[in-house]
Amino acid sequence: MTGVASLNQQAFVERLCNFGVWSKDTSEALALAVDVHRDQRRAGGGPYLEEHVFPVTIAAVDYISHVKPDEAKSTALVAIMHDAVEDSSPSTAEVIVERFGESIAGAVSILTKPGKSQGESSESNSEDEARYVAGVAGAAHFIRVIKVFDRLNNLASLHERTPEQRRKYLAETRAYYLEIARSVDASLAGQMAELVTMQETSLDSRSAS
């Protein structure tokens with residue numbers, strides 16, 4: 001089972017230019033993301049920016065450009081920074097408010113899981129998880145789109161995690177995120193369901209061997 005395609009920074013910027021969303025704002029969002037994620041690696045050892053942040057952003061902007069093109073710029077900004085607060089410190093949220101305004105910062109906040117910023121516990125209780133999912137489910141369309149592509153990207157590389165982590169992630173996806181995907185696009189929900197099934201089959205095969 002292979003992971004996600006990698007996208008380097010030059011190709012990423014070129015794609016954003018092609019979509020017409022490259023600007024001073026997206027440049028500054030990218031600089032912030034690079035500062036936060038530059039040394040971060042995925043479970044399989046690949047660079048987080050190139051294997052997650054960049055592909056998720058391009059996929060979300062590509063999708064939005066076809067259905068709600070007026071939301072493409074906001075989608076790009078939020079997608080670039082969607083994990084920035086989780087993977088840095090709470091003060092990053094303040095930086096985003098000051099630089100990009102309450103609307104963009106609020107969207108990033110919706111996508112930020114509770115207790116995930118540096119210096120805080122990585123464990124969130126069930127109430128926190130329920131509030132997070134409810135927030136995403138009730139969010140603007142473009143925010144749900146970003147979350148769906150974020151989940152699809154993570155599912156595609158889930159084989160890099162431990163069996164226990166995979167089982168938990170797959171159970172959460174079936175319980176919460178398939179419904180969010182259905183609220184966005186039946187085809188995307190189908191892709192998510194297929195990835196879940198593939199990962200479950202892989203786990204079952206591994207357990208049986």
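**Close-up views of a predicted model**

**View 1. Helices H3 and H7 meet.** Glu 51, His 52, Pro 55, Val 56, Ala 59, Ala 60, Tyr 63, Ile 64 and Val 67 of H3 are in contact (heavy atoms within 4.5 Å) with His 141, Phe 142, Val 145, Ile 146, Phe 149, Asp 150, Asn 153 and Asn 154 of H7. These contact residues comprise 11 nonpolar, four polar and two charged. The axes of H3 (residues 48-67) and H7 (residues 141-156) come within 9 Å and cross at roughly 135 degrees, and the crossing is right-handed. The two helices are therefore oblique to each other; angles under 35 degrees count as roughly parallel, over 145 as roughly antiparallel, 65 to 115 as roughly perpendicular and the rest as oblique.

This is a predicted model, in which local features need pLDDT of at least 70, side-chain atom pairs count only at pLDDT 80 or more, and totals for chains, interfaces and linings use all residues. Residues are numbered from 1 along each chain as its sequence is written, and side-chain values use heavy atoms, leaving out hydrogens and water.

**View 2. The buried face of helix H1.** In H1 (residues 9-19), Phe 12, Val 13 and Leu 16 are buried (under 20% relative accessible area). Seen down the axis, these buried residues fall within an arc of 95 degrees, so they line one face of H1. Their cover includes H2 (24-37), H3 and H4 (72-80). Turned away from the buried side, Gln 10 and Asn 18 are exposed (over 50%).

**View 3. Ser 103 in helix H5.** Look for Ser 103 in H5 (residues 91-110). Ser 103 is exposed, with a relative accessible area of 63%. Ser 103 and Val 78 lie 25 residues apart in sequence and 9.8 Å apart in space, C-alpha to C-alpha.

Conventions. Axes are lines fitted to C-alpha atoms, for helices over the stretch in contact, and angles run from 0 to 180 degrees between N-to-C directions. Helices (H or I, at least four residues) and strands (E, at least two) are DSSP runs, numbered from the N terminus. A crossing is left-handed if the near helix is turned anticlockwise from the far one by less than a right angle, and right-handed if clockwise. Ala, Val, Leu, Ile, Met, Phe, Trp, Tyr, Cys and Pro count as nonpolar, Asp, Glu, Lys and Arg as charged, and the others, Gly among them, as polar. Buried means under 20% relative accessible area, exposed over 50%, partly exposed in between (1.4 Å probe, protein chains only). The arc is that of the directions from the helix axis to the C-beta atoms.
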